[in-house]
Amino acid sequence: MALTGIEIFKLLPKINCKKCGFPTCLAFAMKVAQGQADIEQCPEASEQVKAKLKEAATPPIRGFVFGPQNKSIKIGEEQCLFRHEKKFFNPTVLALKIKDTDSNIDEKVNTVLNSQIERVGEILKIDAIFLENESNDPSRFKEAAEKIVKAQIPLILGTFTPNSADLVLNDLSEIRAVIYGASELNIDEMVSIAKKYNVPLTVTAKGIEKVIPLVEKIQSLGFEEILIDTKPETAIELLTDNTLIRRASLKKRVKSLGYPVLTLLREQDPFYETVLACLAILKYSSIVVLNEITGWKNLVLFTLRQNIYSDPQVPMQVKQDIYKVGEPDASSPIIVTTNFALTYFLVKGEIENSKVPAWLAIMDCDGLSVLTAWAAGKFSASKIAQFIKESGIEEKLNHRELIIPGYVAMLKGAIEDKLPGWRVIVGTKEASGIPAFLRNYIRSKE
Ligand code: SF4
């Protein structure tokens, strides 16, 4: 279990010698707890203390990568039960299930490739394909796997037939596919295949009690790259199993449960499947396998996953700069706002919708939204004026009109005082009003 700052502090010499680069042992302990400093920076700590802290820092949930080398995905290594305690590290992998008997494998592969969207500056997509060996024919399984590998999509091999897994991995070992899975009927053969090709192996059985002895057997065979599927059939089973696994691995260091969870959804109703997938993202599944993907479902899951896996202590933000939207020229309008990522992407998107090329002045306000930044004194008249003056935008414009967000209309006079020669125009409160506002603004100049 990771130690708190106070627990680490108790182990330190408490002499405040500053050799670690921090003013006090307590300050250093807090940074070690946050993962922002290493115990090796303290030359006064004993070897015993260093060993104890390193043991505590070892992730209680194993992590590993799978997929083609240039598109590999990392899963596991989570360190907390609740996001606000620290953060969640490796986002849930969303995979689409395809059967090797499907007549439209190419079409489904393309659906996965085309699932990509950009949101708040991040690329979000369906990450992997779970290929089910429904035919039970190793050759047919391999033929289908080759199509997925050709598309460079990370692959999970859904087969309980050792020969099928062996045949695919023999020719395609470089893709580092996950095998699903090992059951009590095939565990020895599957472990030897996973070891032979050095790929992760999913152990599957109904319920935690049946999974544990299988995991212990795999561990005894000297293999550690394991995923767990307890085969939950209802929302309550999914929630209970995943929570018990996470709690046992983090709080009790139960080594047989310290592995990422794979959730294979068996629900055919698309709405209920989406609800279960949301639950799995919220509660600890590292891989979720979906029966189908559609635009609306992807948006729900992508957005939830992005929010859950952002760092709660770091606002999503973009770099301070004057951004071009379209091909603005000297007469184009200039809009100023804060560098909260969601604000930036909403405002940029609505300027694009307006078809009016513009300059978008994004000011560093520590990633806060407009009203919050204003309340915190980070989006004040003097700071906006200073930003505009120092940005160099004046040299690119043949006008002196600055559009500010409607929420800070009260800054108009103060900004004009600080920016002599400029006229401040109050824009809309909501980004959705920008297209109409800009079109009117341009018409008023004609
Ligand atoms: Fe404390 Fe070690 Fe830092 Fe010295 S080097 S202040 S003993 S933590």
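Colleague: What are the ground rules here?
Modeller: The model is predicted, so local features need pLDDT of at least 70 and side-chain atom pairs count only at pLDDT 80 or more, while totals for chains, interfaces and linings use all residues. Residues are numbered from 1 along each chain as its sequence is written, and side-chain values use heavy atoms, with hydrogens and water left out.

Colleague: How many aromatic pairs are there?
Modeller: Nine. Rings of Phe, Tyr and Trp (its six-membered ring) pair if their centres lie within 6.5 Å; planes under 30 degrees apart are stacked, over 60 edge-to-face, the rest tilted.

Colleague: What kind of pair do Phe-22 and Phe-28 form?
Modeller: A tilted one, at 5.7 Å centre to centre with 50° between the planes.

Colleague: Are those two buried or exposed?
Modeller: Phe-22 and Phe-28 are both buried. Buried means under 20% relative accessible area, exposed over 50%, partly exposed in between (1.4 Å probe, protein chains only).

Colleague: Why is the pair of Tyr-323 and Tyr-344 tilted?
Modeller: Because the planes sit at 55°, with the ring centres 5.0 Å apart. Tyr-323 lies in strand β13 (residues 321-325) and Tyr-344 in helix α12 (residues 341-354), so the pair ties together parts 21 residues apart in sequence. Helices (H or I, at least four residues) and strands (E, at least two) are DSSP runs, numbered from the N terminus.

Colleague: Which residues cluster with Phe-88?
Modeller: Tyr-284 and Tyr-309 form one aromatic cluster with Phe-88. The charged end of Arg-246 also sits over the Phe-88 ring, 5.7 Å from its centre. That takes NZ of Lys or CZ of Arg within 6 Å of the ring centre and within 35 degrees of the ring normal.

Colleague: New topic. Where is Asp-229?
Modeller: In strand β10 (residues 226-229). Asp-229 is buried, at 0% relative accessible area.

Colleague: What does the Asp-229 side chain join by a polar contact?
Modeller: The side chain of Tyr-180, at 2.6 Å. A polar contact is a pair of N or O atoms within 3.5 Å; within protein, one must be able to donate a hydrogen and the other to accept it, and residues adjacent in sequence count only if both atoms are side-chain atoms.

Colleague: Which residues of helix α14 are buried?
Modeller: In α14 (residues 381-391), Ala-381, Ile-384, Ala-385, Phe-387 and Ile-388 are buried. They fall within an arc of 160° seen down the axis, so they line one face of the helix. The arc is that of the directions from the helix axis to the C-beta atoms.

Colleague: What comes just after α14?
Modeller: Gly-392, with a positive phi of about 85°.
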